[in-house]
Amino acid sequence: GQIVKAEIFAEARKPAYILHVDFGPDPEVGVKKSSAQITALYQPEALVGKQVVGVINFPKKQIGPVMSECLVTGFCNERQEIVLCVPDRPAPLGAKLL
């Protein structure tokens, strides 16, 4: 998917953003929200337009006042900061991970 909006999740217990990720034109998928604890390495304005690898077939999860509808994937670096898992070239929105 592609991040179309990123905002500070002020109510989160740990620093986080609310990401709005576009997973393509399929009306059953579309844009989904995710709570992401990626504040150590990313600023909201730099996230917009970035493609990410996300999981959309997990159950939704209530995180404070936000319903997280997908999981944006990443890796922990040596300082336990999350590094996003991203395609190295543009991919169609909604493409499946093979």
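Six bridges join strand S1 to strand S2, and the two run antiparallel. The model described here is predicted. S1 and S2 belong to an open sheet of three strands, ordered S1-S2-S3 with antiparallel pairing. A search of the whole structure for disulfides finds zero. A nonpolar surface patch is made by Leu41, Phe75 and Val83.

**The three-stranded sheet**

- Strand order in the open sheet is S1-S2-S3, and the pairing is antiparallel.
- S1 covers residues 2–8 and S3 covers 31–36; both stand at the edges.
- Each of these edge strands has a single partner strand, so one side of each has no neighbour in the sheet.
- From one strand to the next, the twist averages 25 degrees.
- In general, strands of a sheet pair through backbone hydrogen bonds, in a parallel or an antiparallel sense.

**Strand S2 and its partners**

- S2 spans residues 17–22 and pairs with S3 in the antiparallel sense, over six bridges.
- On the other pairing, S1 and S2 are joined by six bridges.
- Ile3 stands opposite Val21 of S2.
- Ile18 has Ser35 as its bridge partner in S3.
- Leu19 is bridged to Ser34, also in S3.
- S2 is largely enclosed by the rest of the structure, because five of its six residues are buried.
- As a general rule, side chains in a regular strand alternate between the two faces of the sheet.

**Cysteines without a bond**

- Zero disulfides turn up in a search of the whole structure.
- A disulfide needs two cysteine sulfur atoms within 2.5 Å.
- For Cys70, the closest cysteine sulfur is in Cys85, 14 Å from its own, so the pair is too far for a bond.
- For Cys76, the closest cysteine sulfur is also in Cys85, at 13 Å, which is too far for a bond.
- Cys70 is buried, with a relative accessible area of 7%.
- Cys76 is partly exposed, at 49% relative accessibility.

**The nonpolar surface patch**

- Leu41, Phe75 and Val83 make a patch of about 260 Å².
- Phe75 sits in strand S8, which covers residues 74–76.
- The relative accessibility of Phe75 is 53%, and the residue counts as exposed.
- The cut-off explains that label: exposed means over 50% relative accessible area.

**Loop residues**

- Gln80 is placed in the loop between S8 and strand S9, the latter spanning 82–84.
- Gln80 is not a glycine, yet its phi is positive, at about 65 degrees.
- Gln80 counts as exposed, at 58% relative accessibility.
- Ile56 lies in another stretch, the loop between strand S4 (54–55) and strand S5 (61–63).
- With a relative accessible area of 34%, Ile56 is partly exposed.
- Ile56 and Ala95 are 39 residues apart along the chain, and their C-alpha atoms are separated by 11 Å.

Notes: Residues numbered from 1 in each chain as written. Predicted model: local features only at pLDDT ≥ 70, side-chain atom pairs only at ≥ 80, totals over all residues. Heavy atoms only, no water. Buried < 20%, exposed > 50% of the residue type's maximum accessible area, 1.4 Å probe, protein only. Pairing = 2+ DSSP bridges. Helix = DSSP H or I, 4+ residues; strand = E, 2+ residues; numbered from the N terminus. Axes fitted to C-alpha atoms, helices over the stretch in contact; angles between N-to-C directions. Patch = residues over 30% accessible without salt bridge, like charges linked within 9 Å, V, L, I, M, F, W, Y side chains within 5 Å. Areas by Shrake-Rupley, 256 points an atom, 1.4 Å probe, with all protein chains shown as cover. Salt bridge = Lys/Arg side-chain N within 4 Å of Asp/Glu carboxyl O.
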